[in-house]
Amino acid sequence: MRDGHTQAQEPGQEAARRPGDPADPAGPPGGARTPARTGERTVADSEPAAGEPQLPGSPGPRDHGPEADEGLRRFTAIWSRAVYPATAISMSRAEFERYLLPLAARLRDALYTRHFDSGPAAEVGAALVRAHCTDPDALPLILSAIDTYLVTHCPPGGAVTEEEARARCSRLQHAVAAGFAGALRERTLAEQEALSRAALAAQAETEKALHTSEARFRAVFEGAAIGVGIADVDGRIMDVNDALTRMFGSLAHEVTGRNVGEMVHPDDSPDVWGLYRELVRGERDYYRVEKPYYRSDGSVLWTDLSVALLRDAHGRPQYQLALIEDITERRVLHERLRYEATHDALTGLPNRTLFFEKLDRALDADDDTARFGLCYLDLDGFKAVNDSLGHAVGDQLLVAVADRLRACATAPAEIVARLGGDEFVALITGPGAQSDATALARRMLTALSEPVHLDGRALSVRASIGIVDGRAGELGPAEVLRSADITMYRAKAAGGNRYELADADSDARAIARHSLTNRLPAALDNGEFFIEYQPLVALGDGTVRGAEALVRWLHPVHGVLGPDQFIPLAEGTGLIVPLGRWVLEEAARQARLWRDAGTCREPMRVNVNLSPSQLRYPSLVADTVAVLEDAGLDPSALCLEVTENALIGADERELRPLRQLADMGVDIALDDFGTGYSNLSYLRRLPVSTLKLDRSFTRGMQSAPADPVDVKIVEGIVSLAHTLDLSVTVEGVETGIQAAHLRMLGCDTAQGWYYARPGPPDRLCALSLVDAASAPAP
């Protein structure tokens with residue numbers, strides 16, 4: 001009962017007890033309106049009256065001080081005025097306002113708690129349903145009042161920022177809506193189950209006493225809150241109640257007489273009409289589905305439809321009884337939540353979840369001729385945009401890119417999704433998927449070729465695309481994505497701004513590299529690495545002056561692997577630093593053993609390669625000093641080899657560790673000289689003592705006559721090096737003629753297969769080396 005209204009009650013009938021009546025402590029207070037009594041409390045009272053409903057754990061209105069309580073009461077008063085007209089409760093508005101007060105306090109506390117939790121808001125939504133705020137217009141009014149007035153009348157007060165408060169308020173609204181919808185569904189299902197039981201009971205009574213059952217069924221039929229309709233087994237609608245006609249927006253005579261079979265909708269699930277035919281044939285007694293209908297105005301009505309078969313006294317099908325619940329609003333809410341869960345919040349494209357659903361369906365197709373094509377796209381250099389211009393500009397760029405990619409996928413069998421970051425993927429299905437995927441990749445690259453204009457800037461966009469295609473059922477989703485990812489990185493390695501087609505051999509090599517990368521940490525712990533030594537020979541007298549330490553990996557599956565097969569992987573994973581230190585320790589230990597054994601004619605110097613990552617490692621100098629001290633070696637017994645490319649463009653800060661080592665007496669060799677920058681003037685500022693000439697300069701000297709161009713180049717380099725007080729070591733010496741040429745040109749030392757292949761350390765001093773001084777004259 002509301003102010004100014006009464007509720008009719010048939011004589012002799014007991015008023016239905018609702019949640020909130022005195023016998024129902026879980027619901028709101030009330031029942032029939034009672035006259036105001038002296039001392040009756042209002043919404044301004046500081047605490048709820050005895051017996052007044054309050055959510056478990058809800059704080060009282062005094063928990064936040066006078067000003068907070070006053071703001072809370074103002075919000076509660078506004079909230080009650082907005083929602084009360086859309087309720088169906090027997091409380092007065094003042095009573096309803098008192099009922100809302102602890103709920104509002106619960107929302108306020110959830111809004112500003114340190115560890116945000118939207119769970120209490122869901123309980124608030126359920127409490128509103130228990131208060132009979134179930135009119136179709138109630139939920140929008142509830143959420144609108146929260147959205148507009150909760151933060152305004154219950155401001156943050158320093159607990160959280162205004163922006164965070166607004167964001168939390170939005171999440172609380174979602175939670176209230178979810179709790180409201182869940183409670184409403186539970187209550188409706190309970191009513192529906194009660195109605196179903198009543199209907200079945202009426203059917204049983206019909207077989208015993210038709211007159212009594214008809215009266216009872218009619219009472220249930222007319223008074224039901226959900227739609228009820230009766231049709232014969234041929235599908236002709238015989239009778240409907242008022243609730244059903246209101247759902248369809250029609251009059252009763254416009255519905256009765258129609259045939260159920262005419263009420264088809266394009267979104268009907270495939271099994272709806274099969275279940276219907278089984279029921280009217282008497283093969284089943286009941287089914288329940290979600291089914292859409294068209295209203296009289298053309299709009300769509302979504303329903304929870306339950307249909308039961310009524311049989312005559314002989315068990316023959318006689319009537320259909322349909323119970324229909326309007327779930328349109330719940331369906332709309334579900335679709336909205338489903339959209340948010342399956343689409344990227346930034347770009348609006350389908351997200352990873354929806355994409356994998358589509359991919360699973362494409363790969364599980366039963367048709368043997370079904371094919372798929374997949375384009376995996378990654379932006380080139382996008383990290384530089386975020387780092388230089390900020391993530392806000394990066395997000396704007398991603399939105400612009402998503403719009404262009406969306407415009408490229410226009411066919412019904414094409415979908416573009418964002419997997420995350422700057423990674424996008426396109427899926428194509430159909431017999432021409434392979435050629436269509438290639439054509440789509442071209443369109444996407446063309447669409448991205450035009451600069452993106454943001455805030456007065458023209459940002460160029462480049463992308464690398466990996467394309468995978470095949471028949472359905474051949475590969476799983478993970479394998480398809482892995483192959484596409486590997487192929488995309490091949491496109492990046494080829495310069496980017498292009499696409500590549502998947503190749504099984506390339507995939508196998510990439511997988512093998514990945515396997516080696518995963519094995520590297522354990523390999524170092526398990527002692528799977530060992531060192532071979534290749535002698536460095538003085539060209540003047542053929543004596544062994546030192547050896548280069550070359551690390552090898554004894555892989556348990558692949559056997560012995562050279563450094564070119566795993567050093568780049570160690571560089572990429574950061575393992576090169578501990579691995580490099582291990583090599584340095586082992587090489588220093590071996591140099592000490594050579595010195596202590598006294599079997600070599602000359603003091604042995606050991607050369608150890610230094611990677612670019614080690615060069616940038618902060619404790620390089622300290623680690624090197626510690627290794628030399630532990631081995632008891634003089635710094636002059638160690639030479640660190642650094643590639644020319646590692647020192648290109650290095651500034652003084654980057655060169656400082658090498659200068660410190662050189663000042664200590666450690667030799668620094670510039671390895672692979674001539675393969676990099678090739679600007680000789682920069683040699684003057686590098687702290688190097690040796691140039692290691694790359695083998696590409698001396699291949700022309702392996703046989704007579706020697707290539708005159710190679711001879712002149714080497715002669716010039718040697719002359720320059722000696723002018724700068726640098727010694728010259730030549731790599732890759734393979735013939736005596738080559739060694740003789742290099743000796744005549746003034747090279748100092750050499751190494752290569754002509755002298756010895758890399759081998760174990762114990763044979764180095766015992767090698768019967770070719771006397772370089774006696775090599776045949778060219």
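This is a predicted model: local features need pLDDT of at least 70, side-chain atom pairs count only at pLDDT 80 or more; totals for chains, interfaces and linings use all residues.
**View 1. Helices α20 and α22 packed together.** Here we look at α20, which spans residues 620–631, beside α22, which spans residues 652–664. Their axes lie 9 Å apart and form an angle of about 25 degrees. Angles under 35 degrees count as roughly parallel, so that is how α20 and α22 run relative to each other. On the α20 side, the contact involves L620, V621, T624 and V625, and these meet P657, Q660, L661 and M664 of α22. Sorted by class, this contact has six nonpolar and two polar residues, with no charged ones.

**View 2. Helices α11 and α15 packed together.** This view pairs α11 (residues 352–363) with α15 (residues 477–493). The angle here is about 110 degrees, and the axes are 10 Å apart. Because angles of 65 to 115 degrees count as roughly perpendicular, α11 and α15 are described that way. From α11 come F355, F356, L359, D360 and L363, while α15 brings P477, V480 and L481 to the contact.

**View 3. D304 and the residues it touches.** D304 sits in strand β4, which covers residues 300–311. With a relative accessible area of 3%, D304 is buried. The D304 side chain makes a polar contact with the side chain of R288, at 2.9 Å. Leaving aside residues up to four places away in sequence, D304 also touches others, among them R185, L189, V289, L323 and I324. E325, I327 and R330 are touched by D304 as well.

Note on methods: Residues are numbered from 1 along each chain as its sequence is written. Side-chain values use heavy atoms; hydrogens and water are left out. Axes are lines fitted to C-alpha atoms, for helices over the stretch in contact, and angles run from 0 to 180 degrees between N-to-C directions. Helices (H or I, at least four residues) and strands (E, at least two) are DSSP runs, numbered from the N terminus. Angles under 35 degrees count as roughly parallel, over 145 as roughly antiparallel, 65 to 115 as roughly perpendicular and the rest as oblique. Contact means heavy atoms within 4.5 Å. Ala, Val, Leu, Ile, Met, Phe, Trp, Tyr, Cys and Pro count as nonpolar, Asp, Glu, Lys and Arg as charged, and the others, Gly among them, as polar. Buried means under 20% relative accessible area, exposed over 50%, partly exposed in between (1.4 Å probe, protein chains only). A polar contact is a pair of N or O atoms within 3.5 Å; within protein, one must be able to donate a hydrogen and the other to accept it, and residues adjacent in sequence count only if both atoms are side-chain atoms.
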